[in-house]
Amino acid sequence: MVRDTSVVLSGWRLDNPVIPASGTFGFGNEFKDFYDINILGTFSFKGTTKEPRFGNPTPRIAECTAGMINAVGLQNPGIDHVIAEELPRMKSYFHKPVIANISGFSIEEYAYCCERIDKEEQVGIIEVNVSCPNVRHGGMSFGTSPEAAAEVTRAVKAVTTKPVYIKLSPNVTDIVSIAKACEEAGADGLCLINTLLGMRIDTMRRKPVIANTMGGFSGAAIFPLAVRMVYQVASACKIPVIGCGGVESASNVIEMMMAGATAVQVGAANLRDPYASKKIVEALPLEMERLGIERLQDIIGIVK
């Protein structure tokens, strides 16, 4: 029996639900030499801001048990370079629409970048990051208040035609209230979770391991938390949810979908193993067979 791994996000049919997460896959260029990345459902490209950013000082990555902390600080070449250079280059090696991850430091910047990227035919969904925990202004501050998240959502929806998904922060007391505020403001979908705020200390040097002191904690250790939040938000909202956080296997993908995710992003696993997303795509039909699943669409939100 042929297992149907396809899913549909806001009218866009993906061959499978596996999506490398923004910040862990660049613009796909680094990974195309390892395998044909067209086997992926799609991918979310590097978080993009209006101006080029060098990011935070180094060191900016620290290993943890079952995870990592990063404070890269949204290093990216800026929206003009992405549109002029990265997207045309991407056409040569990735032949599906992509998810454009957009970050900002003001409502106006979010709106400006989203309006620009909305005109690019390669972009299928705009993913608005209101949840970056390792930049000092903007970013997470917009994602920790229902009112601010809704304001960003309204501003972006006013200048775009493509589906807009808001990427939510887990560093909040009540993620459901923020999700519902985004839904009511017109969001077409939600992506969660982003990284948790974490810290490591070098006990020999008596100093933080990373120069930014704190950063985003990701990896397998956060998976149960991500599943819980995806379940809560998918149960409370009617718009699609992309699940993210600690996903490392086909089994994790199916668990996240049973919690309510329509598609699933793979983050830190790509940094440890460049073949991680490929292995998950290839293992999905076997895991579906083991669990007696014919169509992945049928299991979305099956756990009540």
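**Backbone geometry, cysteines and packing**

In this predicted model, Ala66 sits in the loop that runs between β4 and β5 (67-70), where helices (H or I, at least four residues) and strands (E, at least two) are DSSP runs numbered from the N terminus. Ala66 is not a glycine, yet its phi is positive, at about 55°. Residues are numbered from 1 along each chain as its sequence is written, and side-chain values use heavy atoms, with hydrogens and water left out. Because the model is predicted, local features need pLDDT of at least 70 and side-chain atom pairs count only at pLDDT 80 or more, whereas totals for chains, interfaces and linings use all residues.

- Most residues other than glycine have a negative phi, and most peptide bonds are trans.
- Ala66, with its positive phi of about 55°, is partly exposed at a relative accessible area of 44%, given that buried means under 20% relative accessible area, exposed over 50% and partly exposed in between (1.4 Å probe, protein chains only).
- Arg206, likewise a residue other than glycine, has a positive phi near 60°; Arg206 lies in the loop between β11 (201-202) and β12 (207-208) and is exposed, with a relative accessible area of 68%.
- The peptide bond that joins Thr58 and Pro59 is cis, with omega at about 0°, and Pro59 belongs to the loop between β3 (18-20) and β4 (61-64).
- A cis peptide bond also leads from Leu192 to Ile193, where omega is near 10°, and Ile193 is placed in the loop between β9 (189-192) and β10 (196-198).

**Cysteines**

- The structure holds zero disulfides, a disulfide being a pair of cysteine sulfur atoms within 2.5 Å.
- For Cys182, the closest cysteine sulfur is that of Cys237, and at 8.6 Å it is too far for a bond; Cys182 counts as buried, at 0% relative accessibility.
- For Cys191, the closest cysteine sulfur is in Cys244, at 5.2 Å, which is again too far for a bond; Cys191 is buried, with a relative accessible area of 0%.

**Packing of α2 and α4**

- Helix α2 (residues 107-118) packs against helix α4 (residues 146-157) at an angle of about 35°, and their axes are 9 Å apart; axes are lines fitted to C-alpha atoms, for helices over the stretch in contact, and angles run from 0 to 180 degrees between N-to-C directions.
- The contact (heavy atoms within 4.5 Å) involves Ile107, Tyr110, Ala111 and Cys114 on the α2 side, and Glu151, Val152, Ala155 and Val156 on the α4 side.
- By class, this contact of α2 with α4 has seven nonpolar, no polar and one charged residues, where Ala, Val, Leu, Ile, Met, Phe, Trp, Tyr, Cys and Pro count as nonpolar, Asp, Glu, Lys and Arg as charged, and the others, Gly among them, as polar.

**The chain as a whole**

- The secondary structure of the chain comprises nine helices and 15 strands.
- The radius of gyration of the chain is 18 Å, close to the 19 Å that the globule rule gives for 304 residues, so the chain is as compact as a globular protein of that length; the radius is taken over C-alpha atoms, and the rule is 2.2 Å times the number of residues to the power 0.38.
- The C-alpha trace of the chain spans about 55 × 50 × 40 Å along its principal axes.
- Of the 304 residues of the chain, 59% count as buried.
- Among the contacts in the chain with a separation of 6 or more, 71% are accounted for by residues 24 or more positions apart.
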